[in-house]
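Morning, everyone. Please have the sequence and the model open while I talk.

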Amino acid sequence: MNPHVKQFQSYGMKLVPLHDETKKPKTKPVEDKSGKVNYRWKGVEWTDDDLANANTIGVMHQESNIIDVDFDSPEAQKF
């Protein structure tokens, strides 16, 4: 496993495996109360094996109580 995973987790960061091509979070099947299966990435527990098998890992900002400032993004607010 990437040694940084445990380090980031020790800071309270909630990590999620990402798709290498799109950098979007991977999803897991979650069954709701009616038995319907939905695919979600938020509110899902990602195991150490899930993270170890991922080539790319992201941080869930809200769950980790952090914000991300991307100054070079064209969509970023101009100050």
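Some ground rules come before that. This is a predicted model, where local features need pLDDT of at least 70, side-chain atom pairs count only at pLDDT 80 or more, and totals for chains, interfaces and linings use all residues. Residues are numbered from 1 along each chain as its sequence is written, and side-chain values use heavy atoms, with hydrogens and water left out.

Let us start with the charge pairs. Side chains of opposite charge can pair when their charged atoms come close. A salt bridge here means a side-chain nitrogen of Lys or Arg within 4 Å of a carboxyl oxygen of Asp or Glu. By that rule there are two salt bridges.

One joins Lys 6 to Asp 48, with 2.9 Å between the closest N and O atoms. This pair links distant parts of the chain, 42 residues apart: Lys 6 sits in helix α1, residues 3-10, and Asp 48 in helix α2. Helices (H or I, at least four residues) and strands (E, at least two) are DSSP runs, numbered from the N terminus.

The other joins Lys 28 to Asp 50, where the closest N and O atoms are 2.8 Å apart. Again distant parts of the chain are linked: Lys 28 is in strand β2, residues 28-31, and Asp 50 is in helix α2, 22 residues away.

How accessible is Asp 50? Asp 50 has 25% relative accessibility, so it counts as partly exposed. The scale is: buried under 20% relative accessible area, exposed over 50%, partly exposed in between, with a 1.4 Å probe and protein chains only. Lys 6, at 44%, is also partly exposed, and Asp 48 has 36%.

Now the patch. Asp 68, Asp 70, Asp 72 and Glu 75 form a patch of negative charge on the surface. Patches take residues with over 30% relative accessible area and no salt bridge, with like charges joined within 9 Å and nonpolar side chains (Val, Leu, Ile, Met, Phe, Trp, Tyr) within 5 Å. Asp 70 lies in the segment after α3, residues 61-64, and its relative accessible area is 41%.

Last, the backbone. Asn 65, in the segment after α3, has a positive phi near 55 degrees and is exposed at 70%.

Key:
Areas by Shrake-Rupley, 256 points an atom, 1.4 Å probe, with all protein chains shown as cover. Lys, Arg positive; Asp, Glu negative; His and termini not counted. Charge placed at Lys NZ, Arg CZ, Asp CG, Glu CD.
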